[in-house]
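Hi,

Here is the structure I promised to pass on to you. Have a look at it first, and then read on for what turned up.

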Amino acid sequence: MRHTRIRGVGTYRPRRVVPNSEIVGRIDSTDEWIQTRSGIKTRRFAGDDETVQSMSVAASQVALERAGVSAYDIDCVIVATVSHLMQTPAVATLITEDLGATPAAAFDISAACAGFCYGLALASDMVRCETATNVLVIGVEKLSEITDPEDRGTAFIFADGAGAAVVGPSQQPGISPVVWGSDGSKYDYIRQIKSWDDVFTEDKPQWPNLHVAGNPVFRWASFEMAKVAKQALDLAEIGVEELDAFIPHQANMRITDAMARSLKLPDTVAIARDIADQGNTSAASVPLAMDRMLDEGAIKSGDRALLIAFGAGLAYAAQVVTIP
Ligand SMILES: CC(C)(COP(=O)(O)OP(=O)(O)OC[C@H]1O[C@@H](n2cnc3c(N)ncnc32)[C@H](O)[C@@H]1OP(=O)(O)O)[C@@H](O)C(=O)NCCC(=O)NCCS
């Protein structure tokens with residue numbers, strides 16, 4: 001079977017920057033509390049014209065250009081999202097059409113914050129098995145539409161954005177085998193507060209926003225995910241000292257720090273900290289963080305990065321990739 005790699009990444013950050021000062025009044029909080037507990041200073045909220053579809057197209061156009069791949073050469077488009085509010089058809093088909101990639105195969109996956117790393121694993125396996133030559137993987141969220149601005153546990157965390165990556169064949173291994181899994185016994189930790197059925201039987205219908213059991217999620221992510229990250233390194237047959245970067249899902253800066261400590265990352269490993277300015281964008285957070293590190297020169301093409309993403313389900317995935 002052939003090897004695979006990420007050929008290019010692209011992102012879209014919504015125009016509106018929202019500082020903590022805009023959030024705190026409705027949740028009886030402070031800028032200091034939010035920064036200390038989560039590391040978030042500002043986040044981006046999408047406007048009406050910045051949709052899951054349009055943000056995905058914008059991010060993908062950059063990824064295609066950087067990869068040097070035309071839309072015509074994309075065989076499959078995978079969109080990881082939980083915030084496209086039309087359950088069917090898949091938004092991936094619309095994005096594929098907008099990009100000029102029709103008749104590429106196109107489908108959505110629902111793996112929440114783990115979605116991008118799930119998509120990357122699927123894409124890599126498709127290319128390895130020659131089911132496809134080039135696969136476009138998109139992680140995109142407009143979480144502001146499904147977040148209650150008065151909920152103390154989520155209003156300051158969630159945000160909007162899109163990231164895309166083109167996966168294609170390679171001479172050298174560029175995407176390691178994935179370590180992934182789920183734990184449905186913790187299904188209630190992060191979920192919509194109600195189903196659409198419930199909404200329509202209410203006297204005063206209320207939007208089915210996301211609910212997060214903050215502290216249990218925090219403890220699970222901080223302790224269990226470091227073990228998954230270690231397994232991914234083992235599967236890739238590299239030690240932490242051979243890593244150039246650690247790019248975890250941007251859930252909370254303290255979760256990132258706890259995992260870095262547990263992995264005993266040397267100072268030479270650059271750590272993604274995109275959450276400070278971008279908030280938690282679920283499926284979009286890993287490619288957004290990777291792209292910022294490339295932009296800022298914290299990583300360069302050819303570097304090796306450990307990716308790990310985790311969230312609702314609970315679902316998780318980790319792999320080692322070569323930076324495009
Ligand atoms: C949400 C989160 C930042 C809260 O931090 P925490 O250290 O777990 O805080 P706790 O929930 O234990 O609450 C600690 C105190 O802060 C208070 N508090 C909770 N939310 C608050 C807020 N938004 N502003 C101010 N105070 C708040 C609590 O009332 C509690 O007060 P008390 O000590 O007087 O009882 C943290 O749990 C987290 O990030 N979890 C992961 C969430 C996430 O990213 N989910 C997405 C999927 S990965």
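An oxygen atom of the ligand has a backbone N or O atom of A251 3.3 Å away. Please keep in mind that this is a predicted model. Side chains take part as well: a polar atom in the side chain of R37 is 2.7 Å from an oxygen atom of the ligand, and W33 has a side-chain N or O atom 3.4 Å from one of the ligand's nitrogen atoms. How much of the ligand does the protein bury? On its own the ligand would expose 960 Å², and 72% of that is buried by the protein.

Now for the surroundings. The ligand takes up the space of the second largest pocket. Two elements, α2 (31-38) and α7 (214-236), each give two or more residues to the shell around the ligand. Which of them gives the largest share? That is α7, with four residues.

In total, 21 residues surround the ligand, and S29, R37, G214, N215 and N252 are the closest. By type, the shell is made up of eleven nonpolar, six polar and four charged residues.

Why does the ligand lie between the two domains? Residues of the shell come from both domain 1 (3-170) and domain 2 (179-322), so the ligand lies between them.

As background, most peptide bonds are trans, and most residues other than glycine have a negative phi.

- You will find P89 in the loop that runs between β4 (76-80) and α4 (91-99).
- G313 to L314: here too the peptide bond is cis, with omega near -10 degrees. The loop between β13 (304-311) and β14 (315-322) holds L314.
- E130: its phi is positive, near 65 degrees, although the residue is not a glycine. E130 sits in the loop between α5 (115-128) and β6 (135-142).

Best wishes

Conventions
Residues are numbered from 1 along each chain as its sequence is written. This is a predicted model: local features need pLDDT of at least 70, side-chain atom pairs count only at pLDDT 80 or more; totals for chains, interfaces and linings use all residues. Side-chain values use heavy atoms; hydrogens and water are left out. A residue is near a molecule or strand if one of its heavy atoms lies within 4 Å of it. A polar contact is a pair of N or O atoms within 3.5 Å; within protein, one must be able to donate a hydrogen and the other to accept it, and residues adjacent in sequence count only if both atoms are side-chain atoms. Accessible areas come from the Shrake-Rupley method with a 1.4 Å probe; for residues, only the protein chains shown count as cover. On a 1 Å grid over the protein atoms alone, a cavity is a set of points where a 1.4 Å probe fits but cannot get out, and a pocket is an open set with protein on both sides within 12 Å along at least five of seven lines; lining residues have an atom within 4 Å of a point. A molecule sits in a cavity or pocket if more than half of its atoms lie within 2 Å of its grid points. Ala, Val, Leu, Ile, Met, Phe, Trp, Tyr, Cys and Pro count as nonpolar, Asp, Glu, Lys and Arg as charged, and the others, Gly among them, as polar. Domain bounds come from an automatic or database domain assignment.
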